[in-house]
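This briefing concerns the single structure shown below.

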Amino acid sequence: MTVEHIYLAKPRGFCAGVVMAIQAVEKAAVREEKPVTVYHSIVHNHTVVERLSSGGRVHFVEDLDGVDALPDGGDTVIFSAHGISPAVRERARSLGLATIDATCPLVTKVHTEAKKYAREGYTILLIGDSAKHQEVIGTRGEAPDNTILVGVLGKTGAGLHDPHTVEVPDPERLVVLTQTTLSVDDTRKTIEILKGRFPALVVPPSEDLCYATKNRQDAVKNIAPQVDAFLVLTSTHSSNGMRLLELAEAECGRAYRLETAADLAGLDLSGVRSIGITSAASTPDDLVQDVVAHFRSLNPALQVTEEGEWENIEFREPKKILPTQELPRTMQ
């Protein structure tokens, strides 16, 4: 059976934060005299990391103490889009490294809220999908003594407390913050559970879930009723991408994860005439176009419809900060 119709979700692929972070690495690799180092994957996508690494001008590390051991290592480190804890920033300074902070501004907003509420004596319930996710580690690091990690509904693995049973020191001074890349619906339900248990819980007026996460999930919901199956291009370590996959499965009943078009060979698409396609906020769109080209090669009459609206948001380029410079007030 031939696939006759593809619905491409809009928006899909790179969000403004990812574009900003990748461009920060690309520009630094050209501008700096020596190769630059990125702390953690700049974004959670294997292809992006491989492409940036291929020229030998960009190195990736999980520990800043390993910078000196890198071949042709430079003196500039770039912090990934997921954000870092103050301890990592201070470690870079102590090593004499110049820094470029490519943290997504929406993640920085959550960090700012964490510091504010910790100063005011609140306990922070930080909702996340993994205690090991870099964004959760970074946000918790802003106020570790005031923060309790809570699993988003149905995800209460190691280090995450169940929203139904989590205990707090003072239910009257309590605030909830969230990882930015979670399921919108599951996060709302999790907050409802917490609010039901702790009526004084403060929920910040502006949602911490980023616009790109919500927009991409809404696009999947809109397309799912029209298709027989959904393809989601994402790496497994992309939180927003894996949430899209879960949502597509729930809404459509048949969803598959791909890294690249090469993964199509392992899929059973028997009986599928129409397909929805979306991609994580860190997935290059040329990988999506490769998938479309594959189906078009099998059916030259393939109909492709793009549904939704593109986003029109840009974030400014982060500045380089020397280890002797005072940090911008928003980073202190």
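In which sense do S2 and S3 pair, and over how many bridges? S2 and S3 pair in the parallel sense, over 4 bridges. The model is predicted: local features need pLDDT of at least 70 and side-chain atom pairs count only at pLDDT 80 or more, while totals for chains, interfaces and linings use all residues. Residues are numbered from 1 along each chain as its sequence is written, and side-chain values use heavy atoms, with hydrogens and water left out.

**Five-strand sheet**

- Helices (H or I, at least four residues) and strands (E, at least two) are DSSP runs numbered from the N terminus, and two strands pair if DSSP finds at least two bridges between them.
- An open sheet of 5 strands runs in the order S3-S2-S4-S5-S13, with mixed pairing.
- Its edge strands are S3 (58-61) and S13 (320-321), each of which pairs on one side only.
- Val-38 stands opposite Phe-60 in S3.

- S6 and S7 run parallel and are joined by 5 bridges, and Gly-128 stands opposite Gly-151 in S7.
- Within H5 (residues 134-142), the buried residues include Gln-134, Val-136 and Gly-138; buried means under 20% relative accessible area, exposed over 50% and partly exposed in between (1.4 Å probe, protein chains only).
- The cover over the buried residues of H5 includes S2 (36-39), H3 (86-94) and H4 (105-119).

**Leu-8**

- Leu-8 lies in strand S1 (residues 5-10) and counts as buried because its relative accessibility is 2%.
- Leaving aside residues up to four places away in sequence, Leu-8 touches, among others, Ile-223, Ile-277 and Val-288.
- Leu-8 and Val-288 are 280 residues apart along the chain, and their C-alpha atoms are separated by 8.9 Å.

**Cysteines**

- The structure holds 0 disulfides, a disulfide being a pair of cysteine sulfur atoms within 2.5 Å.
- For Cys-15, the nearest cysteine sulfur is that of Cys-210, 6.0 Å away.
- For Cys-104, the nearest cysteine sulfur is that of Cys-15, 6.1 Å away.
- Cys-15 is buried, with a relative accessible area of 11%, and Cys-104 is buried with a relative accessible area of 11%.

**Cavities**

- A cavity is a set of points, on a 1 Å grid over the protein atoms alone, where a 1.4 Å probe fits but cannot get out; lining residues have an atom within 4 Å of a point.
- Grid points are joined across faces, edges and corners, and a volume is the space filled by probe spheres set on the points.
- The count comes to 3 cavities of 30 Å³ or more, and the largest cavity holds about 270 Å³ of space.
- The largest cavity is lined by 22 residues, and Cys-15, Val-18, His-82, Thr-181 and Asn-240 lie nearest its centre.
- H1 (16-31), H7 (211-223) and H8 (239-252) each supply at least two residues of this lining, with the largest share, 3 residues, coming from H7.

Terms used
Contact means heavy atoms within 4.5 Å. On a 1 Å grid over the protein atoms alone, a cavity is a set of points where a 1.4 Å probe fits but cannot get out, and a pocket is an open set with protein on both sides within 12 Å along at least five of seven lines; lining residues have an atom within 4 Å of a point.
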